[in-house]
Amino acid sequence: LEKTVDDHQIAHVVGRDTAKFFGINGEAFLSCPTSFNYGCQHGFFEYALVNTKPAKKAIESICGSLGSEYSPKFRFYCYHGVGHGVMDAVSYDLNSALDVCDTLDSTVSREGCWQGVFMENVNAGMKGEAKNNIFSENDPLAPCNQVQDQYRHECYINHSGWLMKFFNNDINKMNKAVAACL
């Protein structure tokens, strides 16, 4: 079996190095391309939030500096990147990460952050690096069916990767995943 390269994770490295060398600011963040599923932006926030305390200071100086010339969708993805960085900064503690997101001032910022948190959580789960008792060997929908209602939409948005792992990437078993979702 040939080993593959995960371009998204390589882009995370580029993002971390961008923040390290050009500073934790909106201008440096905007130099990250959105290719490789926003990997550079995710990595930028991983570095920024681990190295800036309190985290909200970094978040406001980066995403908060995006003016009205940026679409709400772009601002959402900025906060989505925040969620990835928050998970790293709190050592993948899901509830602590959601608590940080909950401190943000707008619906767009909170929901974007939640989505990034859950995506990073699934990434950790797929690599076998998630915290204990987050995912279940018996319940394919955990943790999405266990979090508060306000988080569920953003959790389920990225849960398909975990479902594939849960069902051993067996596309023939995916009808079980569909049934679980229904």
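1. Helix 5 passes helix 7 in a right-handed crossing; a crossing is right-handed if the near helix is turned clockwise from the far one by less than a right angle, and left-handed if anticlockwise. Helices here are DSSP runs of H or I with at least four residues, numbered from the N terminus. The model is predicted, so local features need pLDDT of at least 70 and side-chain atom pairs count only at pLDDT 80 or more, whereas totals for chains, interfaces and linings use all residues. Residues are numbered from 1 along each chain as its sequence is written, and side-chain values use heavy atoms, with hydrogens and water left out.

2. Two packed helices are described by the angle between their axes and the distance between the axes. For helix 5 and helix 7, the angle is about 45 degrees and the axes are 6 Å apart. Axes are lines fitted to C-alpha atoms, for helices over the stretch in contact, and angles run from 0 to 180 degrees between N-to-C directions. Helix 5 and helix 7 are therefore oblique to each other. Angles under 35 degrees count as roughly parallel, over 145 as roughly antiparallel, 65 to 115 as roughly perpendicular, and the rest as oblique.

3. Which residues bring helix 5 and helix 7 together? On the side of helix 5, they include Phe76, Tyr77, His80 and Val86. Among their partners in helix 7 are Gly112, Cys113, Gly116 and Met119. Contact means heavy atoms within 4.5 Å.

4. His80 deserves a separate remark. This residue is placed in helix 5 (residues 72-89). Is His80 buried or exposed? His80 counts as buried because its relative accessibility is 4%; the cut-offs for relative accessible area are under 20% for buried, over 50% for exposed and in between for partly exposed, with a 1.4 Å probe and protein chains only. Leaving aside residues up to four places away in sequence, His80 touches His42, Gly112, Cys113, Gln115, Gly116 and Met119.

5. Helix 7 is mostly covered, with 15 of its 20 residues buried. At 1.5 Å a residue, these 20 residues should span 28 Å, and the end C-alpha atoms are 28 Å apart, which agrees. The expected span of a helix is 1.5 Å times one less than its number of residues. Gly128, which follows helix 7, has a positive phi near 75 degrees.

6. Helix 7 also passes helix 8 in a right-handed crossing. Helix 7 contributes Glu111, Trp114, Gln115 and Phe118 to the contact, and helix 8 contributes Gln150, Tyr151, Glu154, Cys155 and Ile157. The two axes come within 8 Å and cross at roughly 50 degrees. Helix 7 and helix 8 are therefore oblique to each other.

7. Helix 1 (residues 7-22) has 16 residues, for which 1.5 Å a residue predicts a span of 22 Å; its end C-alpha atoms are 22 Å apart, in agreement. Its buried residues are His8, Ala11, His12, Gly15, Thr18 and Ala19. Why do they lie on the same side of helix 1? They do so because they cover an arc of only 120 degrees around the axis, the arc being that of the directions from the helix axis to the C-beta atoms. Their cover includes helix 2 (26-30), helix 3 (35-51), helix 5 and helix 7 (107-126). Gly23 follows helix 1 and has a positive phi near 100 degrees.

8. Most residues other than glycine have a negative phi, and most peptide bonds are trans. Asn37 is not a glycine, yet its phi is positive, about 55 degrees. Asn37 is found in helix 3 and is partly exposed, with a relative accessible area of 47%. Asn168 also has a positive phi, near 55 degrees. Asn168 lies in the loop between helix 9 (160-166) and helix 10 (174-181), and is exposed at 58% relative accessible area.

9. Where are the cis peptide bonds at Pro54 and Pro143? The bond from Lys53 to Pro54 is cis, with omega near -10 degrees, and Pro54 is placed in the loop between helix 3 and helix 4 (55-62). The bond from Ala142 to Pro143 is cis, with omega near 10 degrees, and Pro143 lies in the loop between helix 7 and helix 8.

10. Glu129 is likewise placed in the loop between helix 7 and helix 8 (149-157). Glu129 counts as exposed, at 53% relative accessibility. The C-alpha atoms of Glu129 and Tyr92 are separated by 8.9 Å, and the two residues are 37 residues apart along the chain.

Technical notes. Helix = DSSP H or I, 4+ residues; strand = E, 2+ residues; numbered from the N terminus.
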